Amino acid sequence: MPDPVGEFERIRAIVAGLPPGDGVVVGPGDDAAVLRPTAGHDLVVTTDTFVEDRHFRRELCSPTEAGSRFAAANLSDLAAMGARPRWAVLALVLPSSWTAAAAAAFEHACAHALAADGAAIVGGNLSSGETFSATLTLFGECARDTAWRRSGARVGDVLAVTGSPGSAGAFVALSLWGSPPSREHVPVAIVERFVAPPSRVAFALALAPLSAVHAAIDVSDGLVADLAHITEASGVGAVLEAKALPADDALREAARRLSAFAGQERGPLPAGEAGFLRHLVTGPSDDYELLLALDPTRLDEVRSLATTHGVPLHVIGRFVAGSGVAMDGGRGIESLVARGWDHFAS
């Protein structure tokens, strides 16, 4: 049965209770927002789109969880630039299967996740359509000429990553293994990381003044794929240390379960539990963690900041002369193919 709530009632429900933001001269409710940037700062802007059944499935993520995850995807982009989030505009396309309450839950969850890092939704758009989609444009700031880039890695830099890359890939692989899709086989810690990815904004903002970061990117396609973006932009190579790749108990349990499921299937699957674990950590996975090229002389300071902010930080390799990404497994160095998430892959 169609939802009887009309467009303007939906807009009022969505806008009601949105957290206010600093620097907002005119917010939601006018033809456009009026914003006041901080003097002496550069504006940093990112945008992203979530499409139902492409980026999330409602049988696996509630509207509230999807909204929180959507905010995390955009906040991660600003963290990877060392920028402070300020303002956002959000556009929703709602099919008839989405009620006014579901749409409001999505936007409010997104707004509160943004507000936790200092950003406010200041406007947007609402339309109907056949498939749910949300597009967020997030504006941030950094001190003039200080934004981190992908292109600054140097030979001799330390390669480090935050958190547990591979967790999102593990969630997707385990939840989609059965029919119908279900969280039943996904370790609880993996579910929590997927539906509410930890923000790295505060850590990035604390780290920026140290001038210890030579290059950065967020892990939104996969560790090796995103590392390859840094090496290409910087004109250097990178070597991962196989023994240093982060894998906690939850990821190891996910690899065990995937290995057990794979025993019932045929096809080009990783070999055994160790193969699945390496594939999870290095392969396609949108984890919203930070991958950093660090000045080795500042590593102790970076580690101290990570501890202060409760951020797991793992040194996983080094930048070297050459090109591409390789793995040092202890018995030689193996070149890696940068396989990551591709929206247009079949």
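L92 is found in strand β4. In this predicted model, L92 is buried, with a relative accessible area of 1%. The cut-off explains the label: buried means under 20% relative accessible area. L92 and L126 are 34 residues apart in sequence, yet their C-alpha atoms lie 5.0 Å apart in space.

## The four-stranded sheet

Strand β4 belongs to an open sheet of 4 strands. The order is β3-β6-β4-β5, and the pairing is mixed. At the edges stand β3 (41–51) and β5 (120–128), and each pairs on one side only. From one strand to the next, the twist averages 15°.

How do strand β4 and strand β6 run, and how many bridges join them? Strand β4 (residues 84–94) and strand β6 (residues 133–143) run antiparallel, joined by 9 bridges. In this pairing, W87 stands opposite F139 in β6. Strands of a sheet pair through backbone hydrogen bonds, either parallel or antiparallel.

Two helices meet these strands. Helix α2 (residues 63–79) lies across β3, β4 and β6. Helix α2 runs at about 145° to β3. Helix α3 (residues 100–115) packs on the sheet and touches β4, β5 and β6. The direction of α3 makes about 170° with that of β4.

## Aromatic rings

A search of the whole structure finds 10 aromatic pairs. Two of them share F106, as the table shows.

| Pair | Arrangement | Centre to centre | Angle between planes |
|---|---|---|---|
| F70 and F106 | tilted | 5.9 Å | 40° |
| W98 and F106 | edge-to-face | 6.3 Å | 80° |

Why does the pair of F70 and F106 tie together parts that are 36 residues apart in sequence? F70 lies in helix α2 and F106 lies in helix α3, so their pairing links those parts. The angles explain the two arrangements: planes over 60 degrees apart count as edge-to-face, under 30 as stacked, and the rest as tilted.

F106 has 0% relative accessibility, so F106 counts as buried. W98 is buried too, with a relative accessible area of 0%.

## The seven-stranded sheet

Another open sheet is formed by 7 strands. Their order is β8-β10-β7-β11-β9-β12-β13, again with mixed pairing. β8 and β13 (333–335) stand at the edges. Each has a single partner strand, so one side of each is left without a neighbour in the sheet. The twist averages 30° from one strand to the next.

D218 stands opposite L290 in β10.

Further into the order come β7 and β11. Strand β7 (residues 158–162) and strand β11 (residues 313–320) run antiparallel, and 5 bridges join them. Here A160 stands opposite V315 in β11. Helix α10 (residues 299–308) lies across β7, β10 and β11. Helix α10 runs at about 150° to β11.

## Helix against helix

Two packed helices are described by the angle between their axes and the distance between the axes. What are these values for helix α4 and helix α8? Helix α4 (residues 167–175) and helix α8 (residues 249–262) pack at an angle of about 30°, and their axes are 10 Å apart. The crossing of α4 past α8 is left-handed.

Which residues make the contact? From α4 come S167, A170, A173 and L174. From α8 come L251, A254, R257, L258 and F261. These residues divide into 7 nonpolar, 1 polar and 1 charged.

## A last contact across the chain

G272 lies in helix α9 (residues 272–282). G272 is partly exposed, with a relative accessible area of 34%. The C-alpha atoms of G272 and S259 are separated by 5.5 Å. Along the chain, these two residues are 13 residues apart.

Definitions and conventions:
Residues are numbered from 1 along each chain as its sequence is written. This is a predicted model: local features need pLDDT of at least 70, side-chain atom pairs count only at pLDDT 80 or more; totals for chains, interfaces and linings use all residues. Side-chain values use heavy atoms; hydrogens and water are left out. Axes are lines fitted to C-alpha atoms, for helices over the stretch in contact, and angles run from 0 to 180 degrees between N-to-C directions. A crossing is left-handed if the near helix is turned anticlockwise from the far one by less than a right angle, and right-handed if clockwise. Contact means heavy atoms within 4.5 Å. Ala, Val, Leu, Ile, Met, Phe, Trp, Tyr, Cys and Pro count as nonpolar, Asp, Glu, Lys and Arg as charged, and the others, Gly among them, as polar. Two strands pair if DSSP finds at least two bridges between them. Rings of Phe, Tyr and Trp (its six-membered ring) pair if their centres lie within 6.5 Å; planes under 30 degrees apart count as stacked, over 60 as edge-to-face and the rest as tilted. Buried means under 20% relative accessible area, exposed over 50%, partly exposed in between (1.4 Å probe, protein chains only).
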